[in-house]
Structures are given as C-alpha cells and as structure tokens.
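Have the sequence and the 3D view open as you read.

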Amino acid sequence: MITRKRLATGACALLAALSAVLLPTSAAADEPAAKESPKVELVLDVSGSMRAKDIDGKSRMAAAKQAFNEVLDAVPEEVRLGIRTLGADYPGNDRKRGCKDTRSLYPVGPLDRTEAKTAVATLAPTGWTPIGPALLGAADDLGEDGATKRIVLITDGEDTCAPLDPCQVAREIAAKGIHLVIDTLGLVPDAKTRQQLTCIAEATGGTYTSVHRTEELSNRVKQLVDRAADPVVTPVATEGALQCDKAPQLKPGLYTDRESFGEHRWYRVDLLPGQELRASVSVSADRAVNNDYGVLLRAVTLHGREIVRGSEAGDGRTDVLSTGLRYPKPEADDAPGDAKPAAETVCLQVSNSFSAPPSVKTTPGMPVELTVDVVDGPSSASDVASFGLGRGWWLLGVLVLAGFLAGLLWGWLSRWRVAVWRTN
C-alpha cells in the first residue's frame with residue numbers, strides 16, 4: 001500500500017515537472033513570431049568607366065560616394081543594410097578574372113554608419129562590369145529567409161560578362177520565390193544600358209531610374225531603402241478598356257497596365273456619398289521618345305461630364321511622367337427609411353501624348369502604374385480643393401483686400417499731390 005502511494009506521489013511529481021517545462025514552451029509557441037527586419041543590398045559599379053566626369057562637373061564615382069554618404073545617414077534603424085561592389089579590384093585585361101570581380105564591401109546586418117562610409121571612401125574606378133555575378137552574390141548575401149529583401153543596383157554601363165545575361169539572372173532569382181526585388185539606377189545611361197537595366201528591374205517587379213545628377217541619385221536610393229522598410233502594395237495587373245462602359249471595375253489598390261502611344265484607356269471606380277476619390281497615374285517612357293509629351297488623368301461621369309482632371313507635360317528627356325486628382329463626393333440628403341445611398345460610378349480616363357521616331361518599336365505599350373484610393377471625405381469645406389485653390393482662398397482674399405486698400409491709398413496720395421501742385 002505504502003509502495004503504491006510512493007509510486008503515485010512520484011508520478012505526480014514527474015507530471016508536475018514535465019508541465020513546468022512544457023507549458024512555457026507551449027505558451028511561447030502561441031505567441032506571434034517576431035517580424036524579421038528588412039534587408040537591403042546596395043550594389044555599386046566601380047568599373048573604369050565610373051571615372052567619366054559628367055555628373056554635376058565631377059566624376060560618376062565621386063557623385064556615387066557623395067550620394068552613398070547621404071543615404072547611409074538616412075537609413076532607418078530597422079533596416080539591415082549591406083554594400084557589394086563590382087569591378088572594384090581587378091584592373092587587368094583577363095576577362096575570366098574580370099568577370100569574377102565582385103565582393104561584399106560591407107556585410108548585410110545592423111548598420112555602423114562610420115564603418116560603412118569608410119569602406120565606400122576607399123573605392124576607386126578599376127575594372128570590368130560583371131553585373132550578373134554581382135546580382136547572384138547579392139542574392140546570396142540577403143539569404144532566403146522571410147524578410148523583405150531588396151537589391152539596389154547602381155551602374156553606368158551594361159554588363160561586360162555575357163553570356164551570363166544579367167536579365168536572365170534576375171529572372172532566375174525571381175523564380176526562386178524568395179520575394180527579392182531588384183531596382184536599377186543608370187548613371188547617364190545609353191540606350192543599351194537603359195534596355196538591360198529595365199529588363200532586370202521588370203523581371204523582379206522592381207523599378208528602373210535614369211540618373212543625371214547627384215541629388216537625383218541620393219533621393220532615389222533613399223526612397224528605395226525606405227520602401228524596403230515600409231513595403232508597398234503589390235501591384236495588380238489589369239487592362240483598361242477603350243470606353244467607360246466596358247472598363248474594369250477597380251477597388252482601392254495599385255494597378256499596372258500598358259498603353260500605346262497616344263492611346264486613351266478607361267477604368268471605373270464606385271464612390272459613395274461622403275467619400276473622396278484619390279487617383280494618380282505614372283507612365284514610363286521605357287524607350288526613346290520625341291520631345292513634347294503629356295499625361296492626362298480625368299474623372300468623368302457615366303454620361304461623359306468631366307468632374308476633375310490632372311495633367312502633366314514635359315519637353316526633353318524623361319523616364320516617368322506622373323499626375324493625379326482628387327474628387328470629394330458630397331454627403332447625400334437624408335434618405336427615407338433605411339434606404340442606403342447609391343454609389344456613383346466614376347470613369348477614370350488615362351491618356352498620353354507620347355510619340356516616337358519611326359525606328360522605335362511601339363509594341364508592347366509603355367508601362368502604366370495607376371493608384372486608386374477611396375477615403376472618407378473632408379469634414380469641412382476648407383478641406384476641399386475649391387476651383388483648384390483649396391486652402392489658398394484665404395490668401396486670395398487677403399491679397400484682394402490688400403490691393404483694394406493700396407489702390408485707395410494711392411488714389412488719395414495722387415489727389416493730394418495734384419492739389420498741392422495746383423496751390424503752388
């Protein structure tokens with residue numbers, strides 16, 4: 001009997017010990033996993049062509065160093081950043097060695113700004129342009145965990161290590177499903193470089209930007225690093241119609257499409273009383289275009305009456321042209337009973353006036369990015385952009401009043417001067 005009681009007591013003690021060990025583990029398993037810090041790898045071209053002095057009167061390398069220093073000062077604390085170079089070490093003519101010239105300059109991890117700046121300061125334009133091997137190395141640096149990952153490639157020329165096509169490398173990276181985006185920036189690029197960098201970016205859902213000034217480079221890299229810290233919505237592919245009644249119905253979000261030169265495309269959005277429609281569009285000139293171009297975004301009723309429009313025009317070289325609009329729909333009058341107010345269908349028209357030389361292919365169309373957002377309308381009339389002036393009405397009133405008083409004072413002084421003249 002005593003033996004049985006001792007056995008029971010021992011079993012209870014063993015169960016209690018196991019519970020003490022296992023229960024905290026079980027509770028910890030129920031807690032949500034910590035979000036992994038976003039990772040960014042800056043890949044910088046240090047090939048010999050970076051000696052060219054055509055950016056703000058200084059070399060491309062000097063412009064890149066200045067931009068890097070500004071970017072490193074602004075990196076968000078939560079971002080794990082690394083720097084990789086290509087063409088920084090081998091100055092010779094051996095192609096086999098030159099195409100392996102890529103290394104991690106600063107490992108991906110918590111950023112020591114002083115150490116990273118010191119590493120960048122030591123760089124000097126040297127060798128080849130192995131973009132494909134550099135992208136593969138950067139992908140390895142970032143790993144395959146669940147963190148948001150982004151490669152920002154800055155180069156002034158196309159890859160010199162074919163047949164390892166960097167565009168194909170980007171497609172292979174995208175096929176791994178590791179959620180890695182590659183953004184490309186071309187420093188004073190020619191047509192071939194522009195085409196290659198655009199292909200690399202599009203393969204992974206990234207962006208391409210042409211850079212001609214130091215400030216442009218710095219601002220764009222900062223934007224991309226911030227975007228890694230706060231990822232944007234994944235764009236949804238859609239296809240606009242040639243008329244509103246056949247247009248796709250869009251909900252708030254980010255959409256991509258392609259539009260031919262001089263084409264009009266239509267989309268539809270439902271808007272309830274008391275809501276405000278905010279829309280913007282960007283058209284990328286991903287090929288050589290003629291001077292004088294524009295982009296138009298219109299909000300129109302189903303009956304064809306224009307509500308509001310936004311437009312932007314340019315003359316000369318550009319890569320992206322953007323414009324936007326806002327349309328606040330007033331609150332509906334009190335509806336009888338429990339009847340819900342009806343939604344208004346707003347037709348959005350996207351048009352462009354781009355044209356190209358006869359030698360340029362017009363298909364496929366140019367990339368279009370359309371952002372649609374529907375928010376609660378403004379609570380007071382001062383929040384509404386009335387006649388395009390918005391909150392500037394009070395300033396206009398002050399200017400009118402000041403002009404009126406100034407006119408009265410000037411008239412009185414003029415009459416007084418005439419009276420004095422006549423008296424004398």
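Which residues of helix H4 (residues 113-121) are buried? They are Ala-116, Ala-119 and Val-120. Bear in mind throughout that this is a predicted model.

## Helix H4: one side in, one side out

Look down the axis of H4 and you'll see its buried residues fall within an arc of 100°, so they line one face of the helix.

What do the buried residues of H4 pack against? Their partners are helix H2 (60-74), strand E2 (80-86) and E3.

## Helix H8

Next up is helix H8, which covers residues 214-229. At 1.5 Å a residue, its 16 residues should span 22 Å, and the C-alpha atoms at its ends are 23 Å apart, which agrees.

The buried residues of H8 are Thr-214, Leu-217, Ser-218, Arg-220, Val-221, Leu-224, Val-225, Ala-228 and Ala-229. Among the elements covering them are strand E1 (39-45), strand E5 (180-187) and strand E6 (208-211), along with H2, E2 and E4.

In soluble globular proteins, nonpolar side chains tend to be buried together. Here the largest nonpolar core has 36 residues, and the members touching the most others are Leu-44, Leu-81, Leu-217 and Val-225. At least two residues of this core come from each of E1, H2, E2, E3, H4, E4, E5 and H8. Which element gives the most to it? That's H2, with 7 residues. Apart from this core lies another one, of 28 residues, including Ala-279, Ala-285, Val-295 and Leu-370.

Leaving out residues up to four places away in sequence, Leu-44 touches Met-50, Met-61, Ala-64, Phe-68, Arg-84, Thr-85, Leu-86, Leu-123 and Ile-154.

## Gln-196 in helix H7

Gln-196 sits in helix H7. Is Gln-196 buried or exposed? With 15% relative accessibility, Gln-196 counts as buried, because the cut-off for buried is under 20%.

A polar atom of the Gln-196 side chain lies 2.9 Å from the backbone nitrogen of Asp-159. Not counting residues up to four places away in sequence, Gln-196 touches Asp-159 along with Ile-131, Glu-158 and Pro-166.

## The disulfides

How many disulfides does a search of the whole structure find? The search turns up 3, and counting bonded cysteines along the chain, they follow the pattern 1-2, 3-4, 5-6. One of them joins Cys-99 to Cys-161, with an S to S distance of 2.1 Å. This link is left-handed, with -100° about the S-S bond. It connects distant parts of the chain, 62 residues apart: Cys-99 is in the loop between helix H3 (95-98) and strand E3 (102-109), and Cys-161 is in the loop between strand E4 (149-155) and helix H6 (166-175). Cys-99 is buried at 13% relative accessibility, and Cys-161 is buried at 5%.

Cys-167 and Cys-199 form another disulfide, with their sulfur atoms 1.7 Å apart. Its torsion about the S-S bond is about -45°, so this disulfide is left-handed. The pair links Cys-167 in helix H6 to Cys-199 in helix H7 (residues 191-203), 32 residues apart. Cys-167 counts as buried at 4% relative accessibility, whereas Cys-199 counts as partly exposed at 23%. As for Cys-244 and Cys-347, their sulfur atoms are 1.8 Å apart in a disulfide, and a torsion of about -70° about the S-S bond makes it left-handed. Cys-244 lies in the loop between strand E7 (236-237) and strand E8 (253-259) and Cys-347 in strand E14 (residues 344-352), so the pair ties together parts that are 103 residues apart in sequence. Both Cys-244 and Cys-347 are buried.

Technical notes. Residues are numbered from 1 along each chain as its sequence is written. This is a predicted model: local features need pLDDT of at least 70, side-chain atom pairs count only at pLDDT 80 or more; totals for chains, interfaces and linings use all residues. Side-chain values use heavy atoms; hydrogens and water are left out. A disulfide is a pair of cysteine sulfur atoms within 2.5 Å. Helices (H or I, at least four residues) and strands (E, at least two) are DSSP runs, numbered from the N terminus. Buried means under 20% relative accessible area, exposed over 50%, partly exposed in between (1.4 Å probe, protein chains only). The arc is that of the directions from the helix axis to the C-beta atoms. Contact means heavy atoms within 4.5 Å. The expected span of a helix is 1.5 Å times one less than its number of residues. A nonpolar core is a set of buried Ala, Val, Leu, Ile, Met, Phe, Trp, Tyr and Cys residues joined through side-chain atoms within 4.5 Å. A polar contact is a pair of N or O atoms within 3.5 Å; within protein, one must be able to donate a hydrogen and the other to accept it, and residues adjacent in sequence count only if both atoms are side-chain atoms.
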